[in-house]
Amino acid sequence: MIEYLIDGPLWYFSLAVFVIGVLWQLGSIVFAGRKGDLSVARGNATSSGFKNIFSRFIPHREIAPQIGVQVVAGYLFHLGLFALLFFAAPHVLFLEENLLGFGWTPMPHWAFIMASQAAFLGLIILWVRRMTNPVSRLISTLDDHIVAILTFVVMLTGCLALLEGFNALRLLHRFTVELWLIYFPFSALMHTFTFIPSRAFTGAWFGRRGIDA
Amino acid sequence: MARMKFYCDAERCIECNACVTACKNEHEIPWGVNRRRVVTIKDGEQGERSLSVACMHCSDAPCAVVCPVDCFYTTGDGIVLHDKDICIGCGYCFYACPFGAPQFPKDAAFASRGKMDKCTFCAGGPEEDHSSDEYKKYGRNRLSEGKLPLCAEMCSTKALLAGDADVIADIYRKRVVNRGASAFNWGGSEIKG
Amino acid sequence: MRIKTLLILFCLVLPQISLADGPPKSLNSPEGVSAISPGSELWRAVRQRDGEVLEGVSQVKSVDSGMLINARGDQWARFRISKLTTYGGIAIAAVFVIVILLYVVRGKIPIEGGLSGRMVRRFTDYERIVHWTLAIVFLFLTITGLILLLGKPLLIPLFGKEVFSVFASASKEGHNLFGPLFLVSLIMIFLSFARRNIYEKGDLTWLLKGGGIIGDGHVSGGFFNMGEKTWYWMVILIGFAIAISGLILVSPVFGQGRWIMELSHVIHTIGALILITVSIGHMYLGSIGSEGAMEGMKSGYVDINWADAHHDRWGKKCHDENLIISAEEYARLQGRKPDDTAELATEQGK
């Protein structure tokens, strides 16, 4: 019964919430509209916005020494998670069989292990930093903690199910993934998509004023 | 109840590896897993001997002692079997086994070690006899058909014997008596005094 | 004699055959033949009877496939089950009892003069991140490791094999994956704290006075006292031993033989049990055992009275170099308004 629910209806429901929610959120940003900027342009907004999408991948030299830990941990976590999500062998197989109908070459086993360890280490360090640094703790909302813990639980259940020998562990992983998908559009997890328009907007906003963002 | 045992006669084994092949074929065992293997000692030297070795179905099995999830059980025939639904693939049974019988497949997409596989004395597993589940996990269940393990049945020199311990002991005892009569004829140079 | 050795051979290779009816009488009679069977020394070596290991060859290419009999395996299995599991479980239970007794008898060790509210910086953000990262990884590894070690006698009777094997599988995979993280956080701990943990002159006095747990009053100490330093070096040395033996155990792909695995397993388990038992004491002293100690790892600041009481030489240095900040300043740094008790304490302190 529970197996049927998790593999069937709940999976499609969470997928629908995820897709519709993300589209709705992105649409509301795109179609929000804003007043035209009547000031005289001192720089090119488009190119600055485009440039900013990429330049923000590297921290500013002035603040880099102070945020070294979260930059390193952040990259470990995000790159590790990306590799896990799209290049882990069971994930590729799952996407091929259930969603896409085509697959691609997965990571070898050792690369998977390295990626998952990078992701776990990064996430733990980032969360500990959020809790120990007074400023981070002060500006963290409940949503930030839920997102961190939920993502950790999704990764953890996946790692616990690694033997691929127990159905209960597979279902647990899939269930947490479904919760994660449902929570995704209503939380800070949306930064997966919104970081691009957000950076572009900031870059364009400053660029038009002739400021190097 | 019978007490099932393997016995390999080192004076007869010719290292033809037919038992290994028969086992692999009968149970459709994947690459890298060998429920049975032939070991040759002093290969190419004087006193060379070969033995076919698999799970010896010990009465106080070290694998069962060390298994952290207690997946081993002994059947009424004295055969040591394990439940793959419980096995977690930790590898401890391989360290504990004197004969190196437990084997670990690496075919799962991720697994560094899959669930353990070993000789079942052609007796299947805890699943229903002759079910497809049983065949997939443990291979053919010959014993329930009244047949003995294929490796022993195929052995061309009858070096490898399988069956009830008392019967095998009798066969071997007769061989020893026969050989005793002609003991001076073999391994001549190594006989001292 | 040759027949006797043949019989030995027979018993060796087929240990379970019962000889209830005994060998035929004619075989046992000596008849004056003193030939030694060519097989006898061979099988003796195969059985590893005299500590000598005779390796053969096999068409099957896998780890140790040429070794016919591994005599150590059974010893290791029985050592794990009867010694490691039993005494490990007892040791952990005993430390819990000791800690509870200590709390009942001594309670929370208070700071003389109470909290002043004036704080001094003890750990940087990075040091606390490193500490808590190691702590989280260590706790996860402890729980999963103990499930695997003690689950058979303790959890299988409770949940049954089917349910327990799910926990055990999850524990094994989680333990394997988190293991290397322990090594990484251990290296970070080593780099962050090694210099302050080098033993100094006053440390022996601390040891002789029993660290203040047994007697009354506090014992002189620097930034870290003798007990903390010893715990640190235990973590580093035993931790590295655990991490390296764990890496050997977790990667059975480099062709390491069975007895290397058995050795690694024993080192890994004994080391882990030592660290787990001592870490329970560490957690107790760092939290409910000693007033004001937790604050150092939570916020990075400790009360100056705590520093004076527990680490007087370091506390004196803080006084001399004027590193103490007021309660208001501390509250501001922590991003909250100074509460009433802190204000009161500050006024008292002035």
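Along its sequence, chain B runs through the pattern β-α-β-β-α-β-β-α-α-α-β-α. This comes to six helices and six strands. The model is a predicted one, and confidence in chain B can be stated as an average pLDDT of 85, with 89% of the residues scoring at least 70.

| Part of chain B | Residues | pLDDT |
|---|---|---|
| Strand β5 | 80–82 | mean 93, the highest among the elements |
| Helix α6 | 165–181 | mean 84, the lowest among the elements |
| Stretch 187–193 | 187–193 | under 50 throughout |

For residues 187–193 of chain B, the model has nine contacts beyond four places in sequence. Where pLDDT is low, the predicted coordinates should not be read in detail.

Of the 193 residues that make up chain B, 49% count as buried. Among the contacts in chain B between residues at least 6 apart in sequence, 55% join residues at least 24 apart.

In soluble globular proteins, nonpolar side chains tend to be buried together. The largest nonpolar core here has 123 residues, and the members that touch the most others are A:Ala119, B:Cys93, B:Ala96 and B:Leu160. Helix α6 of chain A, spanning residues 109–132, gives the most to this core, namely 13 residues. Both domain 1 (1–69) and domain 2 (72–107 + 124–299) of chain C give residues to the core, so it lies between them.

Leaving aside residues up to four places away in sequence, B:Ala96 touches residues of two chains: B:Pro62, B:Cys63, B:Val65 and B:Val66, together with C:Gly73, C:Asp74, C:Trp76 and C:Ala77.

The remaining topic is the contact between chains A and C. Which chain C elements give two or more residues to the side that touches chain A? The contact as a whole takes 21 residues from chain C and 22 residues from chain A. On the side of chain C, the elements in question are α5 (125–154) and α7 (161–193). Helix α7(C) provides the largest share of that side, ten residues.

Definitions and conventions: Residues numbered from 1 in each chain as written. Chains lettered and ligands numbered in written order. Predicted model: local features only at pLDDT ≥ 70, side-chain atom pairs only at ≥ 80, totals over all residues. Core = buried A, V, L, I, M, F, W, Y, C linked by C-beta atoms within 7 Å. Buried ≥ 20, exposed ≤ 12 C-beta atoms within 10 Å, placed from the backbone. Helix = DSSP H or I, 4+ residues; strand = E, 2+ residues; numbered from the N terminus. Domains from an automatic or database assignment. Contact = placed C-beta atoms within 7 Å. pLDDT = per-residue confidence, 0-100.
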